[in-house]
Each structure stands twice: as C-alpha cells, then as structure tokens.
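Keep the viewer open and try each task before you read its solution.

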Amino acid sequence: MNSIKNNIFSGVTAAVVALPLALAFGVASGAGAIAGLYGAIILGFFASLFGGTHTQISGPTGPMTVITATAVAAFPHDLISVMSIIFLSGLIQISFGIVGIGKWIKYIPYPVISGFMSGVGVIIIILQINPFLGVEAYGSVIYTLSQLLETLKQADDSSLIIAYITLAIMFLTPKFITKIVPSALIALVVVTYFTMYMGYEIDTIGEIPMGLPEIIFPFSFDLLKLDTIITLAITLALLGSIDSLLTSLVADSMTKTKHNPKKELIAQGIGNSLCSFFGAIPGAGATMRTVININSGGTNKLSGIVHSLTLLVIVLFLAPLASKIPLAVLSGILIKVGFDILDYRFLKILKNVTRQDLLIMVTVFLLTIFVDLIMAVGVGITISSILAVYHVSRNTKIKTHRSKTSFDIDIENNHIEVIKIDGSLFFGTASVLDSKLEKVKENKILILDCKLVSFLDLSAIFTIEDLIEKMRSRNIETILVLKHAHKRHILKVDTKKTFKDIKIFHKIDDAINYTQEIELKYG
C-alpha cells in the first residue's frame with residue numbers, strides 16, 4: 001500500500017514538472033500547446049504501460065521537438081502529412097524494438113552524443129530568441145541568426161521584461177525550493193499572473209480546446225512528398241530511440257535495475273504512433289522528468305501512468321487558464337532547458353580530451369546546429385569508426401621470422417620464411433600485410449601464421465587470396481596456419497578455389513614439419 005501511495009505521489013510530481021515543458025515544446029514545435037500536452041499524455045501513458053523501464057517518464061523532448069518543428073515547417077498548413085511522419089516514425093521504432101537494435105545504442109561514442117546534445121541545446125536557445133524578444137519566431141537557425149539585427153530593432157519591451165523575469169526565476173530559484181516546486185511551474189504561474197496584473201499586451205498561447213481531441217487518420221498524403229516524409233520519420237525514430245535508451249541507462253544507474261531495450265522501443269513506438277491519431281507531437285524518455293520521478297519515490301509503471309492521467313485532468317478542466325500564458329514565459333523556460341541540455345561534463349574537460357575526441361565532438365556539434373541532426377550523428381559515428389579502425393590496425397602486429405631462434409623448432413632450411421600475425425586481420429590491416437609480403441624473396445616457402453588472429457573479415461580473406469596468387473606467380477609456395485573457425489569461413493567464401501590448392505595447418509609445428517619434408521625441392 002505504501003508503494004502505491006509513493007508511486008501516485010511521484011506521478012503527480014512528474015506531471016507538475018511536465019506541464020510547463022509540454023506546453024513549451026508544443027508551442028516550439030509549431031503544432032500548438034495542446035499538441036504538446038497530448039503528446040505527454042498519450043506517449044507517457046503507453047510508454048509506461050508497455051515499456052521496459054519501470055520508472056521512466058516519457059513525453060516531448062528537445063531533440064524530438066526540433067525535428068517536429070522541421071516537419072511542421074516542411075509541411076505548412078498540412079497537419080495530415082506531419083502526423084503521417086509521426087505515425088511512420090512510431091512504426092519504425094517498433095521495428096527497431098522487434099529486431100533488437102536497441103542494444104547497439106550503447107556503442108555510440110560519447111563525443112558523438114556530447115556534440116549532438118550540446119548542438120540540440122544551442123538550437124533550442126537560438127530558436128527562442130525571437131519569442132524572447134516578442135517577435136514572431138522562425139523555424140530556421142540560420143535564418144534566425146541572419147535576421148538577428150532586424151529582430152532586435154522590433155523587440156517588444158513588455159515581452160523582454162516578462163522573459164527576463166522568467167529567466168531569473170528559472171536560474172536563481174534556490175534548490176531547496178525547486179525540490180518542492182519546480183522552477184518552471186513557479187515561473188509559469190507567477191509570471192503569467194504578473195503579466196495579467198500589469199496589463200501587458202503581449203502574445204499568449206491562445207485558446208486551448210477543452211475535452212478530448214478529434215481523431216485524425218494520418219494516411220492521406222501527397223506521394224510526391226514521400227521521400228521527405230520517410231526521411232523525417234527515420235530521423236524522429238532514431239532520435240527518439242537514442243533519447244529514450246539513454247534515459248533508460250540513467251534510470252538503471254539510479255534504481256540498480258536493468259531495462260529491457262526491446263520492450264522500451266516497442267512501447268515508445270506504440271505511444272508515438274498513437275500520438276499521430278490525436279494531433280499530438282512525438283516524444284521520448286525524458287531524463288529530467290524520470291530523475292524527478294525516481295527521487296519522488298517512483299518505483300514502477302504506476303507512476304508514469306498517474307503522470308499521464310494527471311495531465312489529462314488538467315487538460316479537461318484547466319485548459320482556459322493555460323491559454324493566458326505568455327509566449328515570452330515559455331521562451332524563458334525553453335532557454336533554460338537548452339542550457340540544461342548542454343553537455344557540461346564534456347565541456348569541463350575540454351582542455352584534457354584528445355584531439356580526435358575534440359574533432360568528433362566539434363564536428364557533430366556544428367553539423368547538428370547548421371546542417372542536419374541525423375547527418376551529424378552519422379558523420380560522427382563514421383569519423384569515430386575510421387579512427388577506431390586506425391588504432392586497431394596499429395595494434396595488429398605482423399612480424400617476419402627467418403632464424404631458428406624465432407621458434408622452439410629448429411628450422412635449418414633457409415628457404416622458409418614465416419610471417420606471424422597477432423591481432424585483427426581486416427580491411428584496415430590487409431594493406432599492411434600486402435606490403436609485408438612484397439619483401440618476401442623468390443624461391444622461398446612462405447608460412448602465413450594466422451593462429452593468433454582474433455578477427456578475420458572478408459576484405460582480409462580476399463587480400464590473402466590475391467596474395468597467394470601473386471606468390472604463386474613468383475614461384476613461392478604459401479602455407480597457412482589457421483584456427484578451425486577461420487578455416488571453415490575461408491573455405492565457404494573460396495569461390496576461386498585458391499585455398500583448396502594450398503596446405504592449411506592448425507599448428508605452426510605441423511607447418512614447419514611439412515616444410516622439412518619438402519626441403520629437397522630447394523636443395
């Protein structure tokens with residue numbers, strides 16, 4: 001009974017924190033405040049009900065809002081197409097969960113995540129400059145910056161006062177107060193009433209419809225726009241999956257539990273797909289709301305469900321009050337959110353990280369802000385992979401042995417040359433092996449000792465195949481020493497039947513003994 005009470009309390013607390021953020025993200029997305037609220041309600045409910053992280057609170061997040069805003073800008077006055085993107089993104093997330101792609105998220109390098117998250121934080125801050133100044137917002141970071149001087153000339157004094165008060169509350173509210181009442185809610189209530197008291201004529205959220213939303217069927221869209229719809233859907237699905245699973249890891253570390261990534265992605269996909277039927281914006285696992293839920297006593301799925309039901313009650317009965325919230329207040333809240341998203345952990349050690357990590361972080365950071373979020377992650381992972389391949393290839397040792405002191409076996413035949421490979425033999429090291437074998441003299445027997453090779457890929461197999469042919473043309477006999485598994489793999493892909501015509505041993509001793517038997521050929 002105590003557990004139920006704790007989870008109900010933590011769910012209500014999470015809803016109080018989620019309310020201003022859902023409103024702010026809804027407005028920032030271009031879909032409207034009510035879309036943000038219903039995104040938190042629908043996704044939050046189904047992600048908790050079916051999810052694989054018991055204490056996670058889901059709803060609109062910064063990265064997902066940025067992409068949703070891009071979709072709204074790409075399809076102005078075309079709600080069906082935007083909802084089609086969200087519906088498709090949910091289906092893609094479900095497929096991610098079914099095939100088990102969630103386990104690969106942990107292999108994304110930290111500098112990539114750092115650059116991406118900091119980039120998203122900067123995007124949110126830049127896009128809130130106009131609402132902060134009381135000027136109509138633009139959906140483009142570059143256009144917002146290019147028009148900044150003109151925007152400053154149009155700044156509204158009343159909006160600036162409201163926005164600055166909001167920022168002051170967000171940044172300066174003491175921690176002992178925010179543990180009881182979140183600063184965003186304080187700003188929302190206090191500054192809204194202050195605006196009404198002062199009689200400021202500034203832009204507000206506007207009318208928020210009470211009651212349940214109308215059902216939309218997100219299946220009717222222009223096929224000529226299908227490429228854009230699919231691209232944005234994949235982007236949403238990837239970002240939502242990464243965002244949710246990173247939050248799941250945070251929840252695991254706090255609760256000493258282990259989440260189920262398959263169930264989590266399927267649940268997130270179900271929630272986001274259903275959001276599209278109600279005109280709601282998509283979301284993901286929200287780190288700050290999840291942490292608050294856990295710290296408030298949340299231990300199971302009930303807390304997430306209560307969080308959604310609490311927001312639903314607010315929408316059904318308190319919507320008219322929310323309509324009077326100034327946009328400048330939401331901009332101040334979102335600017336604080338943008339600063340919170342910045343990866344201070346990486347920024348604090350910026351002077352001490354390697355040049356490679358700094359290069360990856362800065363590249364992803366700039367691409368995220370000025371180009372494309374998915375391209376940023378893709379380029380970051382590609383650069384990281386290339387650098388990883390380079391480091392692995394450097395650690396792979398390829399040594400040539402000619403004297404009898406190289407082995408426990410006495411090699412009396414000077415025609416034998418042994419090249420021993422220790423490490424991974426793949427596309428990154430195959431070229432090194434090629435250059436090494438170029439130095440082998442003619443009329444020799446070459447033993448290629450791959451017994452200590454831990455990994456052998458197709459590029460390396462084809463390289464060895466070509467080298468055997470090259471050695472044969474130089475009158476050099478090649479003998480291989482391989483693990484059983486590598487031998488089976490090589491013979492399966494041996495389309496040219498090159499390896500069937502050479503001797504393959506499992507021990508270096510057997511290979512050398514074989515060379516002793518045929519030494520008369522070179523006498």
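## Exercises on pockets and cavities

The second largest pocket holds about 720 Å³ of space. Please keep in mind that the model is predicted.

**Exercise 1.** Find which residues lie closest to the centre of the second largest pocket, and which helix gives the largest share of its lining.

*Solution.* 
- Step 1: Start at the centre, where Val 27, Ala 28, Ser 29, Gly 30 and Ala 137 are the closest of the 37 lining residues.
- Step 2: Now turn to the helices. At least two lining residues come from each of H1 (2-29), H3 (62-74), H4 (79-99), H5 (110-127) and H16 (327-341).
- Step 3: H3 provides the largest share, with 6 residues.
- Step 4: Sort the lining by class, and you get 24 nonpolar, 10 polar and 3 charged residues.

**Exercise 2.** Describe the largest pocket: how much space lies in it, and which helix gives the most to its lining?

*Solution.* 
- Step 1: The space in the largest pocket comes to about 1700 Å³.
- Step 2: Its lining counts 48 residues, and those nearest the centre are Thr 287, Met 288, Val 291, Asp 340 and Ile 341.
- Step 3: Helix H14, which spans residues 287-295, gives the most to this lining, with 6 residues.
- Step 4: By class, 27 of the lining residues are nonpolar, 12 are polar and 9 are charged.

**Exercise 3.** Work out how many cavities of 30 Å³ or more the structure holds, and which residues line the largest cavity.

*Solution.* 
- Step 1: With the cut-off at 30 Å³ or more, there are 2 cavities.
- Step 2: In the largest cavity lies about 40 Å³ of space.
- Step 3: Look around this cavity and you will meet Ile 108, Val 112, Ile 113, Phe 116, Ile 242 and Val 377.
- Step 4: H5 gives the most to the lining, with 3 residues.
- Step 5: The class count is 6 nonpolar, no polar and no charged residues.

**Exercise 4.** Now take the second largest cavity: which residues line it, and how do they divide by class?

*Solution.* 
- Step 1: About 30 Å³ of space lies in the second largest cavity.
- Step 2: Its lining is made of Gly 44, Ala 47, Ser 48, Thr 53, Gln 56, Ser 58 and Glu 264.
- Step 3: Helix H2 (residues 33-50) contributes the largest share, 3 residues.
- Step 4: Sorted by class, this lining has 1 nonpolar, 5 polar and 1 charged residue.

How values were computed. Residues numbered from 1 in each chain as written. Predicted model: local features only at pLDDT ≥ 70, side-chain atom pairs only at ≥ 80, totals over all residues. Heavy atoms only, no water. 1 Å grid on protein atoms, 1.4 Å probe; cavity = no way out; pocket = protein on both sides within 12 Å on 5 of 7 lines; lining within 4 Å. Points joined across faces, edges and corners; volume = space filled by probe spheres on them. Helix = DSSP H or I, 4+ residues; strand = E, 2+ residues; numbered from the N terminus. Nonpolar A, V, L, I, M, F, W, Y, C, P; charged D, E, K, R; others polar.
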